[in-house]
Amino acid sequence: MTSQMIFFLQFMMSLAAFALIAVWYLGPWLRKLSPTTAISLLILPHISRHIGMSFLVPTLNQESISGTFAFWAGYGDLASAILAFAALIALRVRLTIAIPLVWIFNIVGTADLMNAFYLAESSSNFGPTWFIPTFLVPLLLVTHAMIFMRLMQRDTVPATP
């Protein structure tokens with residue numbers, strides 16, 4: 001099996017595993033919680049997206065990793081992490097901008113992941129950062145989808161101060 005095939009298989013298996021966990025366990029449990037609490041819990045994995053800055057560390061990646069990919073993946077993840085923190089805090093203290101901030105975070109975070117897929121040239125360039133796209137990205141994609149679904153439900157209203 002080629003590195004590319006292994007990469008794709010690992011990505012798809014992680015995506016399937018997180019999707020099953022979401023559908024069978026996490027989704028039913030979150031439906032019992034308030035929209036604010038459910039969305040807050042779904043944002044939690046995203047506050048660690050600063051890990052994506054690892055793509056900017058030359059000694060962790062092959063020299064052939066695209067500088068454009070590293071820049072956008074690294075700083076896109078940092079921006080997503082900062083927005084996740086801001087949305088989480090806004091939800092926690094019930095700011096009126098909480099739900100709009102969650103929308104902004106979720107759109108920017110999803111766009112960042114899609115942009116990284118577009119810019120990635122070869123999985124063999126990732127070196128030790130291989131685990132980010134094969135394990136963490138599927139988790140982030142599933143939680144982004146769950147946040148979008150929760151935001152579009154009728155019971156999700158802006159928090160009041």
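Which residues in H1 are buried? With buried meaning under 20% relative accessible area, exposed over 50% and partly exposed in between (1.4 Å probe, protein chains only), the buried residues of H1 are Phe-7, Phe-11, Ser-14, Phe-18, Ala-22, Gly-27 and Leu-30. The model is predicted, so local features need pLDDT of at least 70 and side-chain atom pairs count only at pLDDT 80 or more, while totals for chains, interfaces and linings use all residues. Residues are numbered from 1 along each chain as its sequence is written, and side-chain values use heavy atoms, with hydrogens and water left out.

Helices here are DSSP runs (H or I, at least four residues), numbered from the N terminus. H1 covers residues 3-31, and at 1.5 Å a residue its 29 residues should span 42 Å, which agrees with the 39 Å between its end C-alpha atoms; the expected span is 1.5 Å times one less than the number of residues. At Ala-22, H1 bends by about 45°, the bend being the angle between axes fitted to the seven residues ending there and the seven starting there. Ala-22 is also among the buried residues of H1.

The partners of H1 come next. Its buried residues pack against helix H2 (35-43), helix H4 (98-119) and helix H5 (131-151), where contact means heavy atoms within 4.5 Å. H1 and H5 pack at an angle of about 35°, with their axes 8 Å apart; axes are lines fitted to C-alpha atoms, for helices over the stretch in contact, and angles run from 0 to 180 degrees between N-to-C directions. Residues of H1 including Phe-7, Phe-11, Phe-18 and Ala-22 meet residues of H5, among them Phe-135, Val-137, Leu-141 and Met-146. By class, this contact of H1 with H5 has 16 nonpolar, four polar and two charged residues. Ala, Val, Leu, Ile, Met, Phe, Trp, Tyr, Cys and Pro count as nonpolar, Asp, Glu, Lys and Arg as charged, and the others, Gly among them, as polar.

With H2, H1 packs at an angle of about 145°, and the axes are 9 Å apart. Here Leu-26, Trp-29 and Leu-30 of H1 meet Ala-38, Leu-41 and Leu-42 of H2. This contact has six nonpolar, no polar and no charged residues.

Notes: Helices (H or I, at least four residues) and strands (E, at least two) are DSSP runs, numbered from the N terminus.
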